[in-house]
Amino acid sequence: QVQLVESGGGLVQPGGSLRLSCAASGIIFRLNTMGWYRQAPGKERELVAAITSGGSTNYADSVKGRFTISRDNAKNTVHLQMNSLKPEDTAVYYCYRFSGGGYWGKGTLVTVYS
């Protein structure tokens, strides 16, 4: 059974940092493209960053230079390092597995407040 469990969300002031983690189980993690999406109140869910099995990365323009996605295949974990956070980064962040028809984690809330 596939499971994606996010952690690391919380409250942070503008300019601060958070590191999100997603622990995967039930899949051959190293073979999967993984990603992070986010959904802000009243908005559609959007792709934030993705990383392929080979380590290639892709970012939304809004987070380029501030966020970094990485993976640890030994620990079946994908991370999202978020720096220079802005109030508009406030959202529920979801871990996503691109293959196998797609699979979502339950999300973790990030709130950037002044």
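**View 1. Y96 stands opposite W104, a residue of strand β10.** This is a predicted model, in which local features need pLDDT of at least 70, side-chain atom pairs count only at pLDDT 80 or more, and totals for chains, interfaces and linings use all residues. Residues are numbered from 1 along each chain as its sequence is written, and side-chain values use heavy atoms, with hydrogens and water left out. Strands here are DSSP runs (E, at least two residues), numbered from the N terminus. Two strands pair if DSSP finds at least two bridges between them. By that rule β9 is joined to β10 (residues 103-104) through two bridges, and the two run antiparallel. Five residues sit between the strands of this hairpin, and G100 takes a positive phi near 65° there.

**View 2. Here we look at a cluster of rings: Y37, Y94, Y96, F98 and W104, linked by ring pairs.** Rings of Phe, Tyr and Trp (its six-membered ring) pair if their centres lie within 6.5 Å; planes under 30 degrees apart count as stacked, over 60 as edge-to-face, and the rest as tilted. Count them up this way and you get six aromatic pairs. One of them, Y96 with F98, is edge-to-face, at 4.8 Å centre to centre and 85° between the planes. Y96 also pairs with W104: their ring centres are 4.3 Å apart and the planes meet at 45°, so this pair is tilted. How covered are these residues? Buried means under 20% relative accessible area, exposed over 50%, and partly exposed in between (1.4 Å probe, protein chains only). Y96 has 13% relative accessibility, so it counts as buried. F98, at 31%, is partly exposed, and W104 is partly exposed too, with 34%.

**View 3. Two arginines lie over ring faces, R45 over W104 and R71 over F29.** A charge sits over a ring if NZ of Lys or CZ of Arg is within 6 Å of the ring centre and within 35 degrees of the ring normal. For R45, the distance to the ring centre of W104 is 4.4 Å. For R71, the distance to the ring centre of F29 is 4.6 Å.

**View 4. Strand β9 (residues 91-97) is mostly covered, with six of its seven residues buried.** Which strands pair with β9? Strand β4 (residues 34-39) does, running antiparallel to β9 and joined to it by six bridges. Within that pairing, M34 has R97 of β9 as its bridge partner. Strand β11 (residues 108-112) also pairs with β9, in the antiparallel sense and over three bridges.

**View 5. C22 and C95 form a disulfide, with their sulfur atoms 2.1 Å apart.** To count as a disulfide, a pair of cysteine sulfur atoms must lie within 2.5 Å, and the structure holds one. A disulfide is a covalent bond between the sulfur atoms of two cysteines. The link of C22 and C95 is left-handed, with -80° about the S-S bond. It ties together distant parts of the chain: C22 sits in strand β3 (residues 18-25) and C95 in strand β9, 73 residues apart. Are these cysteines buried or exposed? Both C22 and C95 are buried.

**View 6. Next up is an open sheet of four strands, in the order β1-β3-β8-β7, with antiparallel pairing.** At the edges are β1 (3-7) and β7 (67-72), each of which pairs on one side only. From one strand to the next, the twist averages 15° (axes are lines fitted to C-alpha atoms, for helices over the stretch in contact, and angles run from 0 to 180 degrees between N-to-C directions). Six bridges hold the antiparallel pairing of β7 with strand β8 (residues 77-82). Among the paired residues, S70 has H79 of β8 as its bridge partner.

View 7. H79 has 11% relative accessibility, so it counts as buried. Which side chains does the H79 side chain contact? A polar contact is a pair of N or O atoms within 3.5 Å; within protein, one must be able to donate a hydrogen and the other to accept it, and residues adjacent in sequence count only if both atoms are side-chain atoms. The side chain of H79 makes a polar contact of 2.9 Å with the side chain of S21. A polar contact of 3.5 Å joins the H79 side chain to that of R19.
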